[in-house]
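Keep the picture and the sequence side by side as you read.

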Amino acid sequence: MAVLIAISAQFLSEHYGAPATLMALLLGMSLNFLSESGARTVPGIHFASRAVLRFGVALLGARVSLELLSDLGVSLLCLVTTALACTILFAIIVGKFAGMDWRLSLLTGGAVAICGASAAVALNAVLPPRQNSDRDLALTIVAITLLSTSAMVLYPVLASHLQFDAKESGVFIGGTIHDVAQVVGAGFAMSEETGQIATLVKIVRVSLLAPTIIAVSIMVTVLGAGAGQKPQKSGQVIPGFVLGFAFLAALKSMGLLPAAAGDVANDLS
């Protein structure tokens, strides 16, 4: 069922231009009775929502290389890193004043700061179990997908209105829109140079997924995994899918990952 939904969502995305993640969510919501207690499909759904999703996040590492990161320069790299940290911190502070659970604040802030749905899935995998965690994840992904889709259309117009040059437009688009495909679409819709810069900035954000997940894992361990939860074991501080992400990124940086294999990893992810 998970594979059929994925194929159907990809088909709808390619033929009608809607984000595949959003299409998969809508299809999945219509079939949520398959995850009810006692259904024969429950074990498979749990496997797909845990192991398969984490595997997909690990494959994101095939998009990252040190050569691409060096092209941005140190100052721009620091800017993107600082913006990411400030976004997550802002979400936690606002969430506290709004009376939200800190885990939901961290989930939404991290997803906005890094790479949308993929980051939300990765963060949700390392955060302590909580009531309605699946609902929070679905809400975060839907909201981020809708916002990102709107930004893909509006931000190029806004960048032109603000009279940004190619580099400024690329940094603006790559540093704000969540989904990689939407960053590429918005950037190259303006110009070739803007598209290339936007893609590079976005790759920096994706590359920060692994250190963010490691930092969150360590924080959860230090805090005892939240109220009423036992601390994670030391072996769980760095999840396996994060190591996979770093391994693929290292292979690509050293030129040991063939281009065809990288393309397959991206599509499979």
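A residue is called buried when its relative accessible area is under 20%, exposed when over 50%, and partly exposed in between, using a 1.4 Å probe and the protein chains only. The structure is a predicted model, in which local features need pLDDT of at least 70, side-chain atom pairs count only at pLDDT 80 or more, and totals for chains, interfaces and linings use all residues. Residues are numbered from 1 along each chain as its sequence is written, and side-chain values use heavy atoms, with hydrogens and water left out.

Begin with the overall plan. The protein has 14 helices and zero strands. Helices (H or I, at least four residues) and strands (E, at least two) are DSSP runs, numbered from the N terminus. Read from that end, the elements go α-α-α-α-α-α-α-α-α-α-α-α-α-α. Of the 269 residues in the protein, 41% are buried. Contact means heavy atoms within 4.5 Å. Among the contacts with a separation of 6 or more, 68% join residues 24 or more positions apart.

Which residues of α5 are buried? They are Leu76, Val80, Leu84, Ile88, Ala91 and Gly95.

Isoleucine 93 is partly exposed because its relative accessible area is 42%. Together with Leu89 and Phe97, Ile93 makes a nonpolar surface patch of about 370 Å². A patch is made of residues with over 30% relative accessible area and no salt bridge; like charges are joined within 9 Å, and nonpolar side chains (Val, Leu, Ile, Met, Phe, Trp, Tyr) within 5 Å. Just after α5 comes glycine 99, with a positive phi of about 75 degrees.

Cysteine 78 is partly exposed, at 42% relative accessibility. Cysteine 86 is partly exposed too, with a relative accessible area of 45%. A disulfide is a pair of cysteine sulfur atoms within 2.5 Å. By this rule there are zero disulfides.

Next come the charged pairs. A salt bridge puts a side-chain nitrogen of Lys or Arg within 4 Å of a carboxyl oxygen of Asp or Glu. How many salt bridges does this rule give? The count is two.

One of them joins the side chains of arginine 103 and aspartate 101, at 2.8 Å from N to O. Arginine 103 sits in helix α6, residues 102-113. Arginine 103 counts as buried because its relative accessibility is 11%. Aspartate 101 is partly exposed, at 31%. Leaving out residues up to four places away in sequence, arginine 103 touches Leu127, Pro128, Pro129 and Arg130.

A salt bridge also links the side chains of aspartate 136 and arginine 135, at 3.2 Å from N to O. Aspartate 136 belongs to helix α8, residues 133-161. Is aspartate 136 buried or exposed? Aspartate 136 is buried, because its relative accessibility is 7%. Arginine 135 is exposed, with a relative accessible area of 53%. Beyond its neighbours within four places in sequence, aspartate 136 contacts Leu104, Leu107, Arg130 and Gln131.

Go to helix α7, residues 117-126. Eight of its ten residues are buried, so α7 is largely enclosed by the rest of the structure. The buried residues of α7 are Ala117, Ala119, Ala120, Val121, Ala122, Leu123, Asn124 and Val126.

Finish further along the chain. Phenylalanine 188 is placed in helix α10, residues 180-190. Its relative accessibility of 35% is why phenylalanine 188 counts as partly exposed. Not counting residues up to four places away in sequence, phenylalanine 188 touches Gly195, Gln196 and Thr199. Phenylalanine 188 and threonine 199 are eleven residues apart along the chain, and their C-alpha atoms are separated by 9.2 Å.

Conventions:
Areas by Shrake-Rupley, 256 points an atom, 1.4 Å probe, with all protein chains shown as cover.
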